[in-house]
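Please keep the sequence and the model in view while reading.

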Amino acid sequence: MSGTAFAGWTRAFEAEVERRRAQGDPDWAGGATLGGPLTRSLQRFQVGEDGDGANLIRKADEAGDREYAAAVRLFVAEEQNHARLLAALLGAGGRPLITAHWSDSAFVRLRRLLGLRLELLVLMIAEVVALRYYRAVSEGAGDPLVSEVAARILADERRHVPFHCLRLRQALGALPHALRVLVLAGWRLLLLGATAVVVWDHGPALRHLGVGRRRFAADVMRSSTGIVADILGTRPLQPADAAPVGARDRARDRAAAAPGRAG
């Protein structure tokens, strides 16, 4: 497979490394106010972000696309940076880290069952849920440092989704259209199940952030419609050099959430 499609993504990830270096870290010294439900929620997300990505990197290497493998390494580094930011945020709020959580263990086992396609499909479930979660934290935390950290992670996640969509579009492209539609229908069912687990496990934190369980689940499932279209190739993918956060992104998110109702 040609690496041309991912050369732009490699450059975009590298540019983001330089941008983060120039920006520097948030001001941890000011501390953060973290309530109990949000603390427990952030602790669990921190565990989920923390990993070496060795399995994904190995599968990317085996796929034979050098540019894609290089981009995957940079993606994994961004996820590790998310774990670092969340750990520092919890520390700024005087809260401890946890070393494991059952939901992360189950997610990792599922991701590693088969090849790259399955791993990416499962990974995309986490990415889509994370988009809505970090938006909720950035908008509803009520603490400047918490909001800043969540906004930084959200900006990265907004770039990660089209990156994975491109690879999945290629990986599923050899399948008959009807089979691709069936695979993605199954993916949406898995997403629904995972979202149900998240709203059950993180419900108190979502209420603290002003987002009801039903609204959160509806927003996640509504956003998955466009992602399926991206993977199937029925609409253009976001280019690698698109701005990660902007007025258009926020307006799109608000439009997607508008029909939702807190529950």
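Helix axes are lines fitted to C-alpha atoms over the stretch in contact, and the angles between them run from 0 to 180 degrees between N-to-C directions. The model is predicted, and local features need pLDDT of at least 70, side-chain atom pairs count only at pLDDT 80 or more, and totals for chains, interfaces and linings use all residues. Residues are numbered from 1 along each chain as its sequence is written, and side-chain values use heavy atoms, with hydrogens and water left out.

The protein chain contains 11 helices and zero strands, where helices (H or I, at least four residues) and strands (E, at least two) are DSSP runs numbered from the N terminus. Read from the N terminus on, the order of elements is α-α-α-α-α-α-α-α-α-α-α. The chain has 263 residues, of which 48% count as buried; buried means under 20% relative accessible area, exposed over 50%, and partly exposed in between (1.4 Å probe, protein chains only). The accessible surface of the chain comes to about 12,100 Å², and 59% of this surface belongs to carbon and sulfur atoms. Such areas come from the Shrake-Rupley method with a 1.4 Å probe; for residues, only the protein chains shown count as cover. Among contacts in the protein chain with a separation of 6 or more, 83% are accounted for by residues 24 or more positions apart, a contact being heavy atoms within 4.5 Å.

The interior comes next. A nonpolar core is a set of buried Ala, Val, Leu, Ile, Met, Phe, Trp, Tyr and Cys residues joined through side-chain atoms within 4.5 Å. The largest such core has 66 residues, and those with the most contacts inside it are Leu38, Tyr134, Phe163, Trp187 and Phe216. Two or more residues each are given to this core by α1 (4–23), α2 (36–49), α3 (54–62), α4 (66–92), α6 (116–140), α7 (144–172), α8 (177–201) and α10 (213–232). Helix α6 provides the largest share, 13 residues. For Phe216, the contacts beyond four places in sequence are Val129, Arg132, Tyr133, Thr195, Val198, Val199, Leu206 and Val211.

How do the axes of α7 and α10 cross? They come within 7 Å and cross at roughly 45°. The two helices α7 and α10 are therefore oblique to each other; angles under 35 degrees count as roughly parallel, over 145 as roughly antiparallel, 65 to 115 as roughly perpendicular and the rest as oblique. On the α7 side the residues are Val161, Cys165, Leu168, Arg169 and Leu172, which meet Ile227, Asp230 and Ile231 in α10. By class, this contact of α7 with α10 has six nonpolar, no polar and two charged residues. Here Ala, Val, Leu, Ile, Met, Phe, Trp, Tyr, Cys and Pro count as nonpolar, Asp, Glu, Lys and Arg as charged, and the others, Gly among them, as polar.

In the second pair, α3 and α4 pack at an angle of about 170° with their axes 8 Å apart, and are therefore roughly antiparallel to each other. Leu56, Ile57, Ala60 and Asp61 of α3 make this contact with Tyr68, Ala69, Val72, Arg73, Phe75 and Val76 of α4. The contact of α3 with α4 has eight nonpolar, no polar and two charged residues.

Individual residues complete the picture. Phe13, in helix α1, counts as buried at 1% relative accessibility. Leaving aside neighbours within four places in sequence, Phe13 is in contact with Ala71, Leu74, Phe75, Glu78, Arg159, His160 and Phe163. The C-alpha atoms of Phe13 and Glu78 are separated by 8.6 Å, although the two residues are 65 apart along the chain.

Ser147 in helix α7 is likewise buried, with a relative accessible area of 17%. Not counting residues up to four places away in sequence, Ser147 touches Val137, Ser138, Ala141 and Gly142.

Beyond four places in sequence, Thr33 touches Asp143 and Val146. Leu97, in the loop between α4 and α5 (102–111), is partly exposed at 44%.
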